[in-house]
Amino acid sequence: MQFFGPPDTGEARPFSRAVKAAGMVWVSGHSAPHDPARGIHRGETAADEVRNALNFIAGLLAEAGSSLDRVVQVTMLISDRADYAACNAEYVKHFPNGLPARHTALFGVPTEAKVGFACIALAD
């Protein structure tokens, strides 16, 4: 197994950002990056958050030798049903070669994120 983005010493996050094993990459749940002190913001709208979260995940997949084109399953977590259509409209833009299997669930986390994603992809 290969671990990508394990938590730093003393960090509260008890998981790796992604794990590669048996020809697959499992990406943990992630919302769009948000670090106002560094000028990084999730986005103004749910669609912005989808774009920024999937771009972040694309970077994790690339580091693990995969890509969004190789994703076979996605979990989309949304915090407000009213954002579902906007999230879907942006989501499909990131999978132009075919949509992976997906399930969607409402979620609540101790952040202001509107949407988050986890996925499974084929590795190199």
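Within helix α1, the residues Ala46, Ala47, Asp48, Glu49, Val50, Ala53, Leu54, Ile57, Leu60 and Leu61 are buried, that is, under 20% relative accessible area with a 1.4 Å probe and protein chains only. The model is predicted, with local features requiring pLDDT of at least 70 and side-chain atom pairs pLDDT 80 or more, whereas totals for chains, interfaces and linings use all residues. Residues are numbered from 1 along each chain as its sequence is written, and side-chain values use heavy atoms, without hydrogens and water.

Helix α1 comprises 18 residues and extends 26 Å from its first C-alpha to its last, close to the 26 Å expected at 1.5 Å a residue; the expected span is 1.5 Å times one less than the number of residues. Helices are DSSP runs of H or I with at least four residues, and strands are E runs of at least two, numbered from the N terminus. The cover over the buried residues of α1 includes β3 (24–31), β4 (71–78), α2 (84–91) and β6 (115–122). Just after α1, Gly65 adopts a positive phi of about 85°.

Val50 lies in α1 (residues 46–63) and counts as buried because its relative accessibility is 0%. Beyond its neighbours within four places in sequence, Val50 contacts Cys87, Glu90, Tyr91, Val115 and Phe117, contact being defined as heavy atoms within 4.5 Å. The C-alpha atoms of Val50 and Gly116 are 7.5 Å apart, although 66 residues separate them along the chain.

Definitions and conventions
Buried means under 20% relative accessible area, exposed over 50%, partly exposed in between (1.4 Å probe, protein chains only).
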